[in-house]
Amino acid sequence: PGVDMRWGALEGYTEAAAELAPHAWKAGAQTQLLRRQLEAMPDGGLFVMVIPDNPFRCPPGPYERASLVAHYLQQHKPRSKILLLDAKNNFSKKELFLPAWKALYGDRIEWVSLAQDGQVVRVDAWALEVETAFGARHKADVLNVIPPQKAGLIAERAGVLDASGWAPVRGEDFASQRVAGVHVLGDAALAGPIPKSGFAANNQGKVVAAAIAAELSGQAAPTAWYANTCYSLLAPGYGISVAGVYHAQQGRLVDLPHSVGVSPLAAPPEHRAAEARHGAAWYAAISADIWER
């Protein structure tokens with residue numbers, strides 16, 4: 001089912017507002033709009049991104065986007081800056097992103113955490129202005145608002161959501177906890193620590209297909225193990241990653257002890273370059289797995 005935006009969760013941020021301050025969290029018209037706005041932004045302009053609290057699609061996605069935008073600005077609009085207003089104090093691979101931004105882009109990217117008054121509560125898309133919880137106002141030349149999210153409309157219509165807006169599932173086979181005979185995969189599912197990532201969704205599909213096949217043939221369900229890998233590209237030839245393995249325990253997924261790993265903090269340039277290559281190879285492999293087989 002994927003995700004939908006929680007329109008109105010941020011005061012003033014509606015579907016109409018997204019035509020002026022795009023979220024670009026669903027590919028297509030929104031991402032094209034954000035690109036056109038960046039291309040039209042004057043040199044010396046300010047790009048402001050609003051980042052929601054967890055959970056949402058692709059936890060490192062906002063910070064990957066900030067890296068991509070910073071690289072573009074460095075090449076084409078060198079006097080421009082990026083302001084990240086975050087509703088969290090921590091994010092995926094923060095200890096790797098922050099020093100890398102400093103090394104790659106100097107002071108171009110400023111990240112403001114929840115504790116530093118980074119939580120946006122009101123959006124004026126027509127003025128390209130946002131207001132934080134403590135009343136600070138920030139005006140942008142390009143405003144990218146990533147709002148709080150929920151499971152997609154088809155999941156809502158199927159009746160599989162709880163009050164959180166997500167679909168609680170059994171970790172063993174991602175069977176809905178609310179509607180019998182339904183399995184919910186990917187970003188829409190609520191299943192413990194496994195992130196809402198493309199790798200995770202692909203992996204879940206295979207595990208759940210095996211569980212359903214076993215049930216239909218009267219066999220015992222296979223032991224469910226799930227994995228996630230996420231590569232982030234911070235600049236051409238500069239990659240970082242995180243990986244984890246998960247298993248079901250009393251209906252919920254839990255981290256397999258000592259299975260979660262991230263790129264080393266003090267890695268040499270050749271290591272970062274290798275991870276960038278690994279990320280490109282992963283993308284080619286998963287694309288072939290999904291669409292070409």
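Some ground rules. This is a predicted model, where local features need pLDDT of at least 70, side-chain atom pairs count only at pLDDT 80 or more, and totals for chains, interfaces and linings use all residues. Residues are numbered from 1 along each chain as its sequence is written, and side-chain values use heavy atoms, without hydrogens and water.

Cores next. A nonpolar core is a set of buried Ala, Val, Leu, Ile, Met, Phe, Trp, Tyr and Cys residues joined through side-chain atoms within 4.5 Å. Buried means under 20% relative accessible area, with a 1.4 Å probe and protein chains only. The largest core has 52 residues. Phe174 and Trp101 are among those with the most contacts inside it. Apart from that core lies another, of 17 residues, including Leu10 and Val130.

Now the rings. Rings of Phe, Tyr and Trp (its six-membered ring) pair if their centres lie within 6.5 Å; planes under 30 degrees apart are stacked, over 60 edge-to-face, the rest tilted. The count is nine aromatic pairs. Phe91 and Trp101 are stacked, 6.4 Å centre to centre, with 25° between the planes. Both Phe91 and Trp101 are buried. Phe97 and Trp101 are tilted, at 5.6 Å and 50°. Ring pairs link Tyr63, Phe91, Phe97, Trp101 and Trp111 into a cluster.

Last, helix 2, residues 61-76. Helices are DSSP runs (H or I, at least four residues), numbered from the N terminus. Why should helix 2 span 22 Å? Because it has 16 residues at 1.5 Å a residue, and the expected span is 1.5 Å times one less than the number of residues. Its end C-alpha atoms are 22 Å apart, which agrees.

Definitions and conventions. Helices (H or I, at least four residues) and strands (E, at least two) are DSSP runs, numbered from the N terminus. Buried means under 20% relative accessible area, exposed over 50%, partly exposed in between (1.4 Å probe, protein chains only).
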